[in-house]
Amino acid sequence: MLPKRITEIKNNIVYMSGYYTEYPDKDDPRYYIEFKNDGTYVLMYDDSRRNEENYDEDGDGSRPIVDMYFGKYEIKNGNYIIRPTEGAYVGFKDANAVKKKKINSYYSAKIKNSEDETWMIIVPTNKGEYILGYMNEKKTYYNKERPYYFLYNKSDIEKLPSGPEEFRKHFKMDKKAEQERLAEQSQ
């Protein structure tokens with residue numbers, strides 16, 4: 001069955017995004033989002049699937065990463081406004097480390113939101129298909145000048161981690177990076 005753009009958001013289902021209008025190829029970055037019954041959500045950005053030659057191609061120092069955001073959502077005028085309260089991040093040395101689930105950086109933190117902060121928003125198009133994007137200045141729609149993502153009903157992940165610690169347990173950290181992380185925590 002071919003993936004379809006979603007026209008209805010249900011709780012406790014993981015939706016996957018395509019970059020702009022396309023369902024992602026297996027090596028494309030993507031977002032995953034799941035809304036919970038209690039008014040919270042989990043959002044994951046996964047840019048760990050590309051080939052090694054696709055990272056740092058412009059000399060920007062990019063490498064495979066996975067970001068997680070946990071927070072609350074509010075429905076206003078049919079739009080889902082998502083505000084993170086906590087975030088976590090893992091970084092990999094290279095594409096080979098992704099296959100071994102061996103990270104060389106990890107970070108997590110509580111997030112304080114302010115009115116000036118850019119939040120993401122999920123909005124229906126005039127065809128009723130949902131788009132994940134960054135809010136416009138009026139906080140009423142997505143910013144069409146920034147990347148946006150159509151949400152699809154077919155995800156290759158069925159469940160997202162419920163918090164940073166569960167997320168962290170999916171990975172092993174290389175010994176040198178783990179020692180540096182522990183030294184930072186003890187200061």
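Strands here are DSSP runs of at least two residues, numbered from the N terminus. The model is predicted.

**Stop one: Asp47.** Select Asp47 in strand E3, which covers residues 40–47. Is Asp47 buried or exposed? Its relative accessibility is 8%, so Asp47 counts as buried. Now show its contacts. Leaving out residues up to four places away in sequence, Asp47 touches Pro29, Tyr55, Arg63, Pro64 and Ile65.

**Stop two: aromatic pairs.** A pair of aromatic rings is described by the distance of the centres and the angle of the planes. With centres within 6.5 Å as the cut-off, the count is 12 aromatic pairs. Select Phe35 and Tyr73. Their planes stand at 75° and their ring centres are 4.7 Å apart, so this pair is edge-to-face. Trace the chain between them: Phe35 sits in strand E2 (residues 30–35) and Tyr73 in strand E4 (residues 65–76), 38 residues apart. Phe35 and Tyr73 are both buried.

Together with Phe35 and Tyr73, they form one aromatic cluster.

**Stop three: Tyr148 and Phe150.** Select this aromatic pair next. Tyr148 and Phe150 are edge-to-face, with 70° between the planes and 6.4 Å centre to centre. Tyr148 is buried, and Phe150 is buried too.

**Stop four: charges over rings.** Arg5 lies over the face of Phe150, 3.9 Å from the ring centre. Then move to Trp119. Which residue lies over the face of Trp119? Lys139 does, at 5.3 Å from the ring centre.

Conventions: Residues are numbered from 1 along each chain as its sequence is written. This is a predicted model: local features need pLDDT of at least 70, side-chain atom pairs count only at pLDDT 80 or more; totals for chains, interfaces and linings use all residues. Side-chain values use heavy atoms; hydrogens and water are left out. Rings of Phe, Tyr and Trp (its six-membered ring) pair if their centres lie within 6.5 Å; planes under 30 degrees apart count as stacked, over 60 as edge-to-face and the rest as tilted. Helices (H or I, at least four residues) and strands (E, at least two) are DSSP runs, numbered from the N terminus. Buried means under 20% relative accessible area, exposed over 50%, partly exposed in between (1.4 Å probe, protein chains only). A charge sits over a ring if NZ of Lys or CZ of Arg is within 6 Å of the ring centre and within 35 degrees of the ring normal. Contact means heavy atoms within 4.5 Å.
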